[in-house]
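Reader: Before we discuss details, could you show the sequence and the model, and then take my questions in turn?

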Amino acid sequence: MVGSKRLDISKPVLLTSVGVGLATGLYGISFGALSSAAGLDFWQTMVLSLLMFSGGSQFAFVAVVSAGSPALAAAVTSAWLMGIRNGFYAVRMGPILKLVGAKKLVAALLTIDESTAVSVAQESAKEQRQGFWLTGAAVFVFWNSATAVGALLGQAMGDPRLWGMDAAAAAAFVGLIWPRLRERQSLIVALIAIGLAVFSAPFVPNGIPVLIAGLGAIVFGLFNWFGGKND
Amino acid sequence: MTEIWIAILAASLLVYSWKLIGSLLPQSVLNHPVVSRTAGLLTVALMAGLIGVQGFISSDSQIVLDARFPALVVAGVLAWRRVPFIVIVIAAAATAALLRLLGWN
């Protein structure tokens, strides 16, 4: 073996990464379709999946953009705020990846829920790094491919309301939020947030209700109301 | 229609900046309870706000209960039963589409 350099990829990590990539990628189809329904063309949709590459932020962006007159500033802000957790993942991944220079820039793009989750679930340092890169790459490939499929389907759809796409957009967030509602504080914040958003909507410009809902969260976070035992 | 492109690129850059800045910060950032708690609640609140607006607000910013409401109830039940995400989305769409076929708004 002298002089040879084997890639030595852990097979279980590879299988997990591809599995997670496929499962996550699949719901890229719904993003592509919803983005089309929101009025974005194929390439606008694709660029979001290629460059933003974060499901929560992407769904939030197209949801706000679809609210009647394009509330672009609010869409940008919503996507930006929704992306905070990727920052936390990047902090978590820093000591695991131990990167310098240009590789940091690439790793950043791939820092999402799934790549972080698979990575931290591994035992050895090497498998943690492999888990990150393999899952990140797998999700990137499948998510973007699925986005393309969904975008094309969405283009072929005609009137999105006839297909219930507006309901689908809301349902997407129900699916995304549900696991987080197990904690009492989160559930209370969610209920108040819905109230704030719905009841402020008739009185403020498009896109602002969601940001008002976000303000409620910041207040709760600072004062830790209904925080429970963990404080 | 370059405004939307500027918004897409700006939003993408802003999301990317979280990912990059995080990689430059020390682990101790995570240890601050207010920071991590608030960030988590922010995500929940934004998603909930989006459910509210997407589900119950009309295109002229009025509060309405239409075909989306039963669709969201279906979504909620399926999410509670831990049905896969894509099934939740399709079922909600199908519910609303079916109701509209029957004359609902």
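This is a predicted model: local features need pLDDT of at least 70, side-chain atom pairs count only at pLDDT 80 or more; totals for chains, interfaces and linings use all residues.

Reader: What is the secondary structure of chain A?

Author: Helices (H or I, at least four residues) and strands (E, at least two) are DSSP runs, numbered from the N terminus. On that basis chain A comes to twelve helices and zero strands.

Reader: Is A:Val62 buried or exposed?

Author: A:Val62 is found in helix α4 (residues 55-65) of chain A. Leaving aside residues up to four places away in sequence, A:Val62 touches A:Phe31, A:Ser35, A:Ala38, A:Leu40 and A:Leu48, where contact means heavy atoms within 4.5 Å. Buried means under 20% relative accessible area, exposed over 50% and partly exposed in between, with a 1.4 Å probe and protein chains only. At a relative accessible area of 3%, A:Val62 is buried.

Reader: Why is chain B more spread out than a compact globule?

Author: Chain B has five helices and zero strands. The radius of gyration is taken over C-alpha atoms, and the globule rule is 2.2 Å times the number of residues to the power 0.38. For 105 residues the rule gives 13 Å, and chain B is more spread out than a compact globule because its radius of gyration is well over that, at 19 Å.

Reader: Which helix gives the most to the lining of the largest pocket?

Author: On a 1 Å grid over the protein atoms alone, a pocket is an open set of points where a 1.4 Å probe fits, with protein on both sides within 12 Å along at least five of seven lines, and lining residues have an atom within 4 Å of a point. The largest pocket has a volume of about 1400 Å³, a volume being the space filled by probe spheres set on the points. Of the 48 residues that line this pocket, those closest to its centre are A:Tyr89, A:Asp113, A:Leu176, A:Pro179 and A:Arg180. The most, nine residues, is given by chain B through its helix α3 (residues 33-56).

Technical notes. Residues are numbered from 1 along each chain as its sequence is written. Chains are lettered from A and ligands numbered from 1 in the order in which they are written. Side-chain values use heavy atoms; hydrogens and water are left out.
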